[in-house]
Amino acid sequence: MEIDDIKAEIKGGIGREIFLYETVGSTNTVASDLAEKTIEGAVVVADSQQKGRGRLGRKWESPPGVNIYVSIILRPKIEPKEATLITIMAAVACTTALRRVTGLHVTIKWPNDLMVSDKKIGGILSELKTEHGRIIYAVVGIGINVNIDIDAYPADVQEIATSVKNETGMSYSREVVISEILNEIDYWYKILNGMGKGILLLEWQKLTSTLGRKVKVIVGKETFTGLAESIDSEGMLILRLLSGMLKKISSGDLTILK
Ligand code: BT5
């Protein structure tokens, strides 16, 4: 990975500072450690991760030489209860960038999955530090399967995952994909921080494959089934339960039912 090839294409504040590592535990952990010592928009990139993380302590497969593992340090001017909007913002940015570079019909599965057809091509892990009810910083971690041959993953991940190479038959420059993502985040982050929450949510609705579908959402020990009607102004999913009642869900594991 060539840091100069990424930097040459950076247009705004996101990625003005880039920390590149051969390998780390998790780029999110490195970014959290740096967050209060560096500028907003600083980015951690690693070629591989030893302890790549998904949500709820799940493992993120992070082999070297083929994929994207980046974390971005932000200080969003939003309330902690709106934190899902950070993931919504990153998902819109990644989907737009991936569609443009690869031509693939990437869609967003609420809340944090990047999908091609019904396979996961990437995921987002947003983590927050809050104090006295305010966000001190947010770290947005992005993992994208670019040039990996999916057969190289364990069987359970092979079943649910895909990569840009698996879908297109071609290899792509990770530097190009990273710089496009960072430039899109620069664009959408300004909108989120400005008065543009409504614009962001509208764009998300255009790019999601979740709304209007019958879904199952697992939240801790509970499972809810219903129609995914909309997301609210905080990024919460609004589900029309079979009983006809509405249920707001702030995060969970969502499966689209046939
Ligand atoms: C996610 O979690 O999808 C968030 C993934 C975020 C990864 C990035 S990489 C850079 C940064 N540093 C980190 O340590 N993390 C972030 P979740 O929705 O919980 O999905 C996790 C599940 O996805 C796992 O339990 C597997 O089933 C599956 N999975 C694991 N590795 C995968 C991969 N490489 N591609 C697709 N699916 C994968």
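Author: Let's start with strand 8 (residues 214–219) and strand 9 (residues 222–231), which pair in the antiparallel sense over six bridges. Strands here are DSSP runs (E, at least two residues), as helices are (H or I, at least four residues), numbered from the N terminus. Two strands count as paired if DSSP finds at least two bridges between them. Within this pair, Val 219 stands opposite Glu 222 of strand 9.

Before we go on, please keep in mind that this is a predicted model: local features need pLDDT of at least 70, side-chain atom pairs count only at pLDDT 80 or more, and totals for chains, interfaces and linings use all residues. Residues are numbered from 1 along each chain as its sequence is written, and side-chain values use heavy atoms, with hydrogens and water left out.

Now widen the view. Five strands make an open sheet, in the order 11-10-9-8-12, with antiparallel pairing. Strand 11 (246–249) and strand 12 (253–256) are at its edges; each has a single partner strand, so one side of each lacks a neighbour in the sheet. From one strand to the next, the twist averages 45 degrees, an angle between N-to-C directions that can run from 0 to 180 degrees, with axes fitted as lines to C-alpha atoms. As background, strands of a sheet pair through backbone hydrogen bonds, either parallel or antiparallel.

Other strands are joined by loops with some backbone details to look for. Most residues other than glycine have a negative phi, and most peptide bonds are trans. In the loop between strand 4 (106–109) and strand 5 (113–116) you will find Pro 111, joined to Trp 110 by a cis peptide bond with omega about -5 degrees. Ser 117 lies in the loop between strand 5 and strand 6 (119–131), and has a positive phi of about 55 degrees although it is not a glycine. At 60% relative accessibility, Ser 117 counts as exposed (exposed is over 50% relative accessible area, buried under 20%, partly exposed in between, with a 1.4 Å probe and protein chains only). His 132, in the loop between strand 6 and strand 7 (134–144), is not a glycine either, yet has a positive phi of about 50 degrees. His 132 is exposed too, with a relative accessible area of 80%.
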